[in-house]
Every structure is written in structure tokens, then in C-alpha cells.
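This report is meant for someone who is meeting the structure for the first time. Please keep the sequence and the 3D view at hand while reading.

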Amino acid sequence: MTGPAVFIDLSLEDQAQELRKYFKKLGAEISEEKSPKGIEDDLHKIIGVCDVCFKDGDANQIDGILNSIVSIMVSINLDRGENIVLAFCEKMTKAPETVLAKVCLQSLWRLFNNLDPASPLKYHVYYHLVQVAKQVDQVREVFTSVDSLRLQFAQCPPSTEQLQKLYRLLHEVLKDTNSEMAAKVMIELLGTYTEENASCAREDAMKCIVTALADPNTFLLDPLLSLKPVRFLEGELIHDLLSVFVSEKLPSYLQFYKNHKEFVTSQGLNHEQNMKKMRLLSFMKLAESNPEMSFEMLQQELQIGENEVEPFILEVLKTKLVRARMDQANRKVHISSTMHRTFGRAQWQQLRDLLHSWKNNLSTIRDGISQIEIVHKTKGAISHLCAKCQIPSYLVRKPSAAVSCETATDPIKAATGVKSIPDLLNLFGDSPPPTPRLSKDSTPTSTPPTPEKSLNNSGPVPDVRQVQVVIGAKDKRLVEEGHQSPLVRRRWRALSRLSETSSEKEATSRIAVSMAEDILLEGSSPDRLVRAAAVLERAIK
């Protein structure tokens, strides 16, 4: 349908004479001789009888004849040829059969594409293109959107009156097959009116409202209220009905229908379809202020039966206007998000606050990523670890220790030389609370330990679990109360890992390593590296 016109290797006058002879042979009232007035007069007379070729019935033959006429039309100066183009377009709309109408559609499309992009005649060709496309159910081939339509006429924009006429035609041919697109076209039509001539668009405004209300896929009707022709209808029943669909809920519509039943019917609106749409709109309204709704609430607000709730929710989710999760066990609906039926100043403010929140969250994420990068750089400074005991090799007591730990019974002790929990805890300058001496068969109690029996005292080394209970309980309380001592935090994290160890000596060594690494993770400055090294060095000694 988008193919170019075919140009015959004959002069335009000879082509016109051949066409005269062909149509004369088919019985058309036309002379076989050329017109003395020139090619424009020849073309005018040929177009006047060109519909006689429809009697032939051969679609390919007719396509060739019409293509010859198009070739002559685009080859001559059509500055004053508006009548010729209009006459040809009118003939193309009178094809008696669908097959021939498709041939005419192709001829009009060739003419439209081969005219000068700035030619004002393109409007007339396109207008008739839409008419013929309607006859063969191919409107989608010639019209896809309002934006594409604007691009086609970018170099030759039609007048306001012509554009209004074209929009009305598009609305007429689309309303039965694509109601959503028809509504958009009608909104564009109403947008062409001004304050001065808005009163002249009363009929168009009413058509626009009725089309939008009847469309089962159009739910956001708020933009209609801002159109000048629609505002001109304020106070009339059609405007009141639109207002109900824009912002009210189901009970308001039922009251309007009860009072103006005949008016609703006279506009061609179906009451049952209106009820279905109002239930969806009412659900959206409820979802704006209720993040959680029970099935009983929906039954009452939407006036539906118990068995209709779940199918209704599924229908709502299909529209993608609301994102929600249905909890069938608890008979509730959890709302994630919903489209607002109206979008005014309050909604703009809410959107602004949401965007600011996103901006702040992104800044937090960016800061977090920066901290992670610092941690990775810090870990790079201690990346050389002993293969078995996982202690930084440069902190090992002797160069041979990392090798000896491969075969040692306690590899961490072999690497660090740390012997006991009391020695380790004393390295950090904050003596732990005293703990009672407990036998293997006894269990910790809430009795406060005596000061003289601390981990610093000589005597048997307490069991690892005793240390975790006594010291861990204190440090956990300090952490929960917001204690800011890095020592307390490090020690609590280290002691919390004791449950993963199988021996006191292994736990002692791991605590030393954990505390040193925690110092490094707080920063990668040389001072912290020295501090970490000192911790393990003292443990080694």
C-alpha cells in the first residue's frame, strides 16, 4: 500500500490520450482526442469517468489504470489543482465492492505519499483515505496515533476548521472498534476550541463525555473537566454525571441514576456497564486511604455479594490501576499502590515528597557504597592470610609459624602464641567483671560474683561458656543501652562467636584476631594498622 506511483515512458499528453481511449472503450462518455486546453483539462475529464473501470471487475487491471492517473497527477503542477484532487478522491470512495475499495485505498495512499510534503492537498487526500479505510476495516493502516498524525502534517498543518473536521471523522470511524483511541481523538478535538468559540462545541463536548464514560478501558476522566467546551457545560446533567465518575463513589451514581434514569438511557449509556465501572472507580478511591480492606468492607461499599468479592478483585488487578495482594485466608486485600482518580495540587505535593525521599535514599545508598569500598581497601591490607588458621601472615609470631600451623594440633595458637582468655582480655585495658569459680557440674547463677575472683586472678582458667555468660551478659547490656565504647562493641562481637568454637584455646586466639580485624575495619589509616598490630603483638608475647 505504500508503493510509489509507476511512471510510463510516454509524454503526459500521450498517457492522457491512451486513458481516454480505454475509458471510451468501456462505454464512458469521453472523447478520444486530446483537449486543446492542456493536460489539466484532460486529467479533469478522465477523472470524471474513471469510476467506469469498476465495471471491469479485474482488481489488477483497475489498479494499473488508477496508478496511471496518479502518475499524471503527481507529475503536473497542482497549485491550482485542488478540484482535480478532490474529484479523484470522491471517485475513490465509491467503489462498489470491498476488493475494489482496497485497490482505491492503495491508489489514494500512493497519491498521498507522492505529493509534495508541504502541499495543502495532502489534507484532502488523507481525509478520504480515512473514509475508504473505514469501508475495508483498515483504519489502523492509515491512523495509529494523534502524534503520528501531527508528524504527517508537520510541513503543511491544516487549518483549525479542517483539523476539527478530520478529528470528528476519526472519532466516528474509531468509536466502534477502538473506543480508547476514539476518546483521545475527541479530547484533541475539544482542545482545538478557545474561550471564544467553546459554546459552539457543545455537541462535540457531549459526545466526548459519553464516549469516555462508555469506554470500558477509560477510568481516568479528570482531564476532561479542564477542557473549555466541557467547562461550558457546567450545570447540565451530562456535566454532573461526569463529575460523579471523576470523583464520587457508587452510591452517588445510584442516586443520580434514580433521579435521571431517562437521561442516562437517552445518551446511549448502559446502566450495568456504568455500575461495573463505578465499582472499579470506587475501589480505587477506597485504596487511596485504606492500605488494607476486609472483604466485608468491600461487600458493603461496592454492594456486591460474598461470592463476588474475589472475582471482582481479580478484575481490578487486570486493569493494572491498583497493585494489591489478596489474603484469602484472612479475607483481606493489602494495597501496594493505586492510581489516583484525580490529580490536583495535593497529589503533586505528594509526588514531590516521594521524589525527595527517593533522592535522600539514593544518597544514603551512595554513602553506603563508599563505605563498602573503604572496607574492601582495608581488607586488601590484610589479604595475605595463613592458609589454615586464616591469621594475617605479617602478624604471625615467627616466619616459620605459618608453616608450622599446617601440622599443629591448635594452628591458631601455633601462629599467635595466645594462651588463655584472661591474658587476652587483659590486653585491652578494660578488665572484665569478676566471675565465680564454677565446677564442671555446676551452672551459672544470678549471684553476683565476688571482686577478688576475677579472670585476672591466678588459679584455674574458667570454662569458655562461663566467660560468655558472665562477660557476654554485661557487654550485651551495655551495647543494648547504647554504650559507645569501641572496646565493648569489639569484645561483644568477639565473645558472641565463642559458641562456634570447640576449645578455650581456639576461642582465645580467634577473639584476638577478631578484635584486631575490627580495629582495621573501622578505618584504614596507618594509626589503626599500628594499633591492630600491637593488639596481636601483645597477645603473642
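Which residues do ring pairs link into a cluster? The cluster is made up of Trp 109, Phe 112, Tyr 126 and Phe 153, linked by ring pairs, where rings of Phe, Tyr and Trp (its six-membered ring) pair if their centres lie within 6.5 Å, and planes under 30 degrees apart count as stacked, over 60 as edge-to-face and the rest as tilted.

The model is predicted, so local features need pLDDT of at least 70 and side-chain atom pairs count only at pLDDT 80 or more, while totals for chains, interfaces and linings use all residues. Residues are numbered from 1 along each chain as its sequence is written, and side-chain values use heavy atoms, with hydrogens and water left out.

**Overall picture**

The protein chain contains 26 helices and three strands; helices (H or I, at least four residues) and strands (E, at least two) are DSSP runs, numbered from the N terminus. Of its 541 residues, 42% count as buried, where buried means under 20% relative accessible area, exposed over 50%, and partly exposed in between (1.4 Å probe, protein chains only). The accessible surface of the protein chain is about 29600 Å², and carbon and sulfur atoms make up 50% of it; such areas come from the Shrake-Rupley method with a 1.4 Å probe, and for residues only the protein chains shown count as cover. Among the contacts in the protein chain with a separation of 6 or more, 61% are between residues 24 or more positions apart, a contact being heavy atoms within 4.5 Å.

**The aromatic cluster and other rings**

A search of the whole structure finds nine aromatic pairs. One of them joins Trp 109 and Phe 112, which are stacked at 5.7 Å centre to centre with 20 degrees between the planes. Because these two residues are three apart in helix H5 (residues 98–114), about one helical turn separates them. Phe 112 also pairs with Phe 153, and because their ring centres are 6.2 Å apart and their planes stand at 75 degrees, this pair is edge-to-face. Phe 112 lies in helix H5 and Phe 153 in the loop between helix H8 (146–152) and helix H9 (160–174), so this pair ties together parts that are 41 residues apart in sequence. Trp 109 and Phe 112 are buried, and Phe 153 is buried as well.

Charged side chains also meet rings, where a charge sits over a ring if NZ of Lys or CZ of Arg is within 6 Å of the ring centre and within 35 degrees of the ring normal.

| Charged residue | Ring | Distance from ring centre |
|---|---|---|
| Lys 165 | Tyr 127 | 4.8 Å |
| Lys 277 | Phe 219 | 5.9 Å |

**The buried interior**

The largest nonpolar core has 118 residues, and those with the most contacts inside it are Phe 23, Ile 69, Phe 88, Phe 143 and Phe 283; a nonpolar core is a set of buried Ala, Val, Leu, Ile, Met, Phe, Trp, Tyr and Cys residues joined through side-chain atoms within 4.5 Å. Not counting residues up to four places away in sequence, Phe 143 touches Tyr 126, Leu 149, Leu 170, Leu 174, Met 181 and Val 185.

Helix H2 (residues 39–49) has buried residues that include Ile 39, Asp 41, Asp 42 and Leu 43, and its buried residues pack against helix H1 (12–25), helix H3 (59–75) and helix H4 (82–92).

Ile 238 is placed in helix H13 (residues 237–247) and counts as buried at 1% relative accessibility. Its C-alpha atom is separated by 7.1 Å from that of Met 206, although Ile 238 and Met 206 are 32 residues apart along the chain. The buried residues of H13 pack against helix H11 (202–214), helix H12 (228–231), helix H14 (250–259), helix H15 (261–266) and H16.

Helix H16 (residues 271–289) holds Ser 282, which is buried with a relative accessible area of 2%. Leaving aside its neighbours within four places in sequence, Ser 282 is in contact with Lys 249, Leu 250, Leu 302 and Arg 341.

**Cysteines and loops**

How many disulfides does the structure hold? The structure holds zero disulfides, a disulfide being a pair of cysteine sulfur atoms within 2.5 Å. The sulfur of Cys 50 has its closest cysteine sulfur in Cys 53, and because the two are 6.1 Å apart they are too far for a bond.

Asp 137 is not a glycine, yet has a positive phi of about 60 degrees; Asp 137 is in the loop between helix H6 (121–135) and helix H7 (139–142) and counts as exposed at 63% relative accessibility.
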